[in-house]
Amino acid sequence: MPPEPRHQDGPSEPARRKSLLPRPATQAEGAPDLFQRLLETSPDAVLVVNEAGTILFANLQAEALFEYPSDTLVGTNVDGLVPSRMRPSHAIHRQHYAAAPRLRPMGTGLTLFGQKRGGGEFPVEISLSPIEVNGALLFSANIRDITERQRSEKEMRRMQGQLLSAVESIQGAFALFDNKDRLVLCNSSYRQVVGGALPGDLVGRTFQDLISASITSGAFSLVDRSANDLIEAWTAHHTAPTGALEVKSASGQNLRVVERQTADGGVVATIWDITDEVTHEEELRHARLSAEAASAAKTEFLASMSHELRTPLNAILGFAQLLQRDKKTPLSARQQDRVEHVLHGGEHLLRLIDDVLDLARIEAGRVLISPEPVAISETIAEVKDTLDAMATRAGIRLAIGEIDPHARELVADRTRFKQILMNYGSNAIKYGRPGGTASFSARVVGHQVRITVSDDGIGIDPAKQPSVFQPFQRAGQETGAIEGTGIGLAISKRLAELMQGHVGFESVEGVGSRFWVDLPLHVAARPEGVRSVTEALGSDSALTGGAGPRYVIVYVEDNPSNIAFMEDLLADFERVELITAPTAEIGVELVRARRPNVVLMDINLPGMSGFEATQKLASWPETRDIPVIALSAAAMIRDAARVAGAGFYRYLTKPVKVDELTAVLEELLTASPREPG
Ligand code: ADP
C-alpha cells in the first residue's frame, strides 16, 4: 500500500486513513466517509473513543499534536495520551463520564495535561461530546494545546504585575478610570486618600459614586464650601480636565488633583501632596513681606536721615557762604581758603546724600516714572547748556555730534532721561582730559533710540569695567583726585530699566569711553480715533469763531513736545489764549497774576510737583475756584488715593485725547463765561 499523504490538499482527495469507526448504516460501501472528513478539517486534534477508552479515530492534528506516526493512534487506549502519573485517575474520570455523558465545552473544568509519544507533557483544554453511531455510545474529544496561550497569559500577568507595582510606587495617589468612568486600577495611596473611610473594594465603582461617597464621608476638608460644591468642582475637573484642582484633606494636607483624559476615553487621575510646597510658598511670602517691610523701613530711614542731615548741612553751607561774602569783616586769604574747603566738602556731602536717597527710593520702587514723548535734540541741547560752564572750567569742549534725523522723539520720563544724560555728560567732563572733547549723539536702533556720550578721556581699567554700573563702585577712582560717589551710573542704569530701556558702555584705558542709553523710539502718529478740535467741537462750538467772550488757559508743562502739541491743538480755539509755564513755581505765580479760566497741570514736573502746585492754588482765595485739569501718564493714576484727594477738576491721561480734552474745556468754559481777571 502506498504511504498515505499527511495532509489533505482539498476535499477532492479522499482520506483513506485507518479508522475503527462503525460505518453508518446509511452509507454505501466504498463511498467517502463524510463524517470522518469533517473531523479531519477541525482545527483541533479530534479523537473518537469508545466506552472502554479505545481510540477509534484520530485526525491528522491529533497525530501531530501527540507526535504519533500516521495511523498508529487508532486502536490504542486513550489513557496512554495522559501523563503516566495521572493515568489511574484519568481512567476513573473517563468511566464516570461514560456513566453520565453530557456535552462539556472547551474552557470548562480544570486544565489537563497531555503527553507526547516521546514523553513531553503539555497543557491542554478538552471538550467532550457523546455521539451515538449505529446504537453504540462513542465519545469525541476535541483537544487543544494551550501551551502558547498559557505563556501569553503568564506574560500578561507579569506585565500587569509590573504595571501595578509601578503604579504602587508612584509617590502620589494614582487611579485609572475606563471610558465608562469606572475605576480600573489605583494604588494604595489613592485608596487611602479617596477611599479612606469607604468600605469594600474601590475598583469597579464609578467616579461619581466614589467621589460623592468620599466627600460626604468626610475625607476632605471643605474649607468654606459645601460638600456639594466640592463634588461639583471635582466632577467638573474630572469631566473636562485642565490645570489642577486644589483640595485639602480632612487631616489638613494640601492636595493637588491633576486628571487627564486618555486616548481611549478614560481618565488618569493623580493626587499630589503639596503641603510642603504650600508651606514653603507661605514662608517665602512672609520672607518677601518682611524683606519689603525692611526695605521700606530702610527707605523711610534714609529719607528722614537725609532730611536730618540736610538741615544742619544747609546751615553749614549757608553760613559758610555768608562768611565768604562778608563785606564788613572780610576774611583773610587763609580764612577764605578754609571756608572754601568747608563749602566744597559740604556740597559734596549734599550730593552724596541726594544720590543715596535717590538710589534708595528707586530700589524701593518709590520712584514714579511718567513716560511721555521727549524731543531728543532739544533735551540734548538743554543738557549741554547746563554742563557748558563745568566743561569750560575743565578745559573740555562739549559738542553735539550726529543726531539721526529719525531720532526725533523717544518715550521717557523727561526729568529722569535728562538725569541720565547729565550723569553721562558730567562723567565725560570729570574723567576727560583738558583740551579734549565730549560729545552727544543719537541714532535709531530698531525700535529704540541710542543716545551716546563719547569722550577722549582717561578711560576705564578693563579689570574694573564689569562693576561700573554697580552702586558705590568707582572703578579705580576711589583714591584718585576726581570726586565722585560711585552712585551716578547705578542710578542711570535703574532709571533706564524703569523706562523700558537699558544702558551700556565701552571704554579703552587711556583712549576714552562711550556710554549709551537705549530708550523706546516714539512713533509720532496721530492715534486712531483722535479727531481735530474743529471736528470734535463742530463749527458752532462756543469756543471757536471770533465773537464772544475770551478765555485764558494756563498750561504748566516742562516738556516742549507736549507744549507744542497743546499749542497746535488749541490753535483752533480762536477765543482761547494759551499761556505756558515750564515749572510749577512759575505756574502758580502766573495763575495768581492772570487768574485764567482753566489750568492744565502736568503732574510730573521738576521741582514742585503738580500735586503741590494744585494744593497751593486751592489755598489762596483768589485762585481757589479756578478748575485744574491734571494731565499725567497713566502709570501715575495708580496713586488713586492721592489723585482723589488732590482737588483736581478732572484727571486726564497722556497722550491727551483730543475729544476728551475739548469736551472738558467746553464744559468748563461755556459754563463760566467769565472774562479772566
Ligand atoms: P562717580 O560719582 O564715581 O563718577 P559713577 O557711578 O558716575 O560714579 O561712575 C562710576 C565709575 O565709573 C567712576 O568712578 C569712574 O571710575 C567710571 N567712569 C564713569 N564714567 C566714566 C568716563 N566717562 N570715563 C572714565 N571713567 C568713567
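Predicted model: local features only at pLDDT ≥ 70, side-chain atom pairs only at ≥ 80, totals over all residues.
A residue is taken to be near a molecule if one of its heavy atoms lies within 4 Å of it. By this criterion, 21 residues surround the ligand, and the closest are Asn427, Tyr431, Arg474, Thr485 and Leu489. Residues are numbered from 1 along each chain as its sequence is written, and side-chain values use heavy atoms, with hydrogens and water left out.

Turning to the shell around the ligand, α11 (414-430), α12 (488-498) and β18 (512-520) each supply at least two residues, with helices (H or I, at least four residues) and strands (E, at least two) being DSSP runs numbered from the N terminus. The largest contribution comes from α11, with four residues.

A polar side-chain atom of Arg474 lies 2.5 Å from a ligand oxygen atom, and a backbone N or O atom of Leu489 is 2.8 Å from an oxygen atom of the ligand. A polar side-chain atom of Ser513 is found 3.3 Å from a ligand nitrogen atom. Of the 530 Å² of accessible area (Shrake-Rupley method, 1.4 Å probe) that the ligand has on its own, the protein covers 98%.

Elsewhere, helix α9 (residues 333-363) has 31 residues and reaches 45 Å from its first C-alpha to its last, close to the 45 Å expected at 1.5 Å times one less than its number of residues. Just after α9, Gly365 takes a positive phi of about 70°.

Notes. Polar contact = N/O pair within 3.5 Å; in protein donor to acceptor, adjacent residues only side chain to side chain.
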